[in-house]
Amino acid sequence: MAGSLIASCLLIAACCLFSQLIRVIVDKNVSTPLSKLLCLEFVASAELCAACFELIVVAEEYGIWMYALILFLLTLWWAAHWGDASACPYIHLEAYLDGSISFSQAFLVSLAEIAGGLAIYRYVQYTWDLQLSAHKRSVWDCDADLHVSAFYGALVEGVATFLCRIVSRTIAELEPRFGSALDAFIGTSLVVAACDYSGGYFNPVLATSLKLNCRGNTFAEHFVVYWIGSIAGSFLSWWTYPIVKESLFPIQTKDKKYK
């Protein structure tokens, strides 16, 4: 059993290192900002989804806490190496609402993320065909993680996404010494808390790559829970964060008003 865990960790590490190599190549060879962002989002989404496919193996064979530990470490890695990439569509929706990017740019970047999440099926299947774990697996043979109604699943994904985004924005504002670790810990804790209800994805691209068309969900249920739920949570966090910010940092907020 320990050998299987080591194999899963090595596969995840190899995926992360290879993705980082591609990022270095993209940085050196792609000069247009939009083209570079599209490439980096594609790579980040592929890396995220490939790693999380292997985390399914870890969770099933070693339990939720080993899954949580590796997810926490991965989140730290992604925060340190992804740069402007997010592998998550609602981040770009928030940027559009802020006026920092156009709708067409947000749409294109989201398409690149979806493409990255769907492009790794054959890679993941190849690694699983090596039969390094105790069970034969297929990326096309899966069960849904939704264990409640679609309404409650969307509520779980939405509330958790809302909390994740509020926390992330607050940590970015405060800039504490161990902000990345705190953000990763809170995000991982919310994933564990939501795992028995909706699976705890909080990311439409990740959920689509891992669980679209799995047994137990219709396409409509999947879309409502993992797309509408999480995007609604993100939008609500964007809408309410100015109020949260004013209550947490009243002096800074007043200063900005009078400048």
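The legends below describe close-up views of a predicted model.

Residues are numbered from 1 along each chain as its sequence is written, and side-chain values use heavy atoms, with hydrogens and water left out. Because the model is predicted, local features need pLDDT of at least 70 and side-chain atom pairs count only at pLDDT 80 or more, while totals for chains, interfaces and linings use all residues.

View 1. The volume of the second largest pocket is about 210 Å³. A pocket is an open set of points on a 1 Å grid over the protein atoms alone, where a 1.4 Å probe fits, with protein on both sides within 12 Å along at least five of seven lines; lining residues have an atom within 4 Å of a point. Points are joined across faces, edges and corners, and the volume is the space filled by probe spheres set on them. The lining consists of Ala14, Cys15, Phe18, Ser19, Ile22, Phe42, Val43, Ala46, Glu47, Ala50, Ile120 and Tyr123. Helix H1 (2-29) and helix H2 (33-62) are the elements that give two or more residues to this lining; helices here are DSSP runs (H or I, at least four residues), numbered from the N terminus. By class, the lining has 10 nonpolar residues, one polar and one charged. In this scheme Ala, Val, Leu, Ile, Met, Phe, Trp, Tyr, Cys and Pro are nonpolar, Asp, Glu, Lys and Arg are charged, and the others, Gly among them, are polar.

**View 2. Salt bridge between Glu47 and Arg23.** Glu47, which also lines the second largest pocket, forms a salt bridge with Arg23, with the closest N and O atoms 2.9 Å apart. Glu47 lies in helix H2 and Arg23 in helix H1, so the pair ties together parts that are 24 residues apart in sequence. A salt bridge requires a side-chain nitrogen of Lys or Arg within 4 Å of a carboxyl oxygen of Asp or Glu, and a search of the whole structure finds 10 of them. Glu47 is buried at a relative accessible area of 0%, and Arg23 is buried at 4%. Relative accessible area, computed with a 1.4 Å probe on protein chains only, is under 20% for buried residues and over 50% for exposed ones, with partly exposed in between.

**View 3. Salt bridge between Arg137 and Glu61.** The N to O distance between the side chains of Arg137 and Glu61 is 3.3 Å. Arg137 lies in the loop between helix H6 (121-129) and helix H7 (150-174) and Glu61 in helix H2, so the pair ties together parts that are 76 residues apart in sequence. Both partners are buried: Arg137 has a relative accessible area of 13% and Glu61 one of 15%.

**View 4. Salt bridge between Lys245 and Glu173.** The side chains of Lys245 and Glu173 meet at 3.7 Å, N to O. Lys245 belongs to helix H10 (residues 219-248) and Glu173 to helix H7, so this pair ties together parts that are 72 residues apart in sequence. Lys245 is buried at 18% relative accessible area, whereas Glu173 is partly exposed at 27%. Elsewhere, salt bridges that share partners join Glu60, Glu61 and Arg137 into one network.

**View 5. Aromatic pairs.** The structure holds 11 aromatic pairs. Of these, Phe103 and Phe107 are stacked, at 6.5 Å centre to centre and 15° between the planes. Rings of Phe, Tyr and Trp (its six-membered ring) pair if their centres lie within 6.5 Å; planes under 30 degrees apart are stacked, over 60 edge-to-face and the rest tilted. Phe103 and Phe107 both lie in helix H5 (residues 103-118), four residues apart, about one turn of the helix. Phe103 is exposed at 52% relative accessibility, and Phe107 is partly exposed at 47%. The rings of Tyr201 and Tyr226 have centres 5.5 Å apart and planes at 85°, so this pair is edge-to-face. Tyr201 lies in the loop between helix H8 (179-194) and helix H9 (204-211) and Tyr226 in helix H10, so the pair ties together parts that are 25 residues apart in sequence. Both Tyr201 and Tyr226 are buried. Phe53, Tyr121, Trp128 and Trp140 form one aromatic cluster.

**View 6. Positive phi at Ala87 and Phe202.** Ala87, a residue other than glycine, has a positive phi near 55°. Ala87 sits in the loop between helix H3 (64-81) and helix H4 (89-98) and is buried, with a relative accessible area of 0%. Phe202, also not a glycine, has a positive phi of about 55°. Phe202 is found in the loop between H8 and H9 and is buried at 6% relative accessible area.
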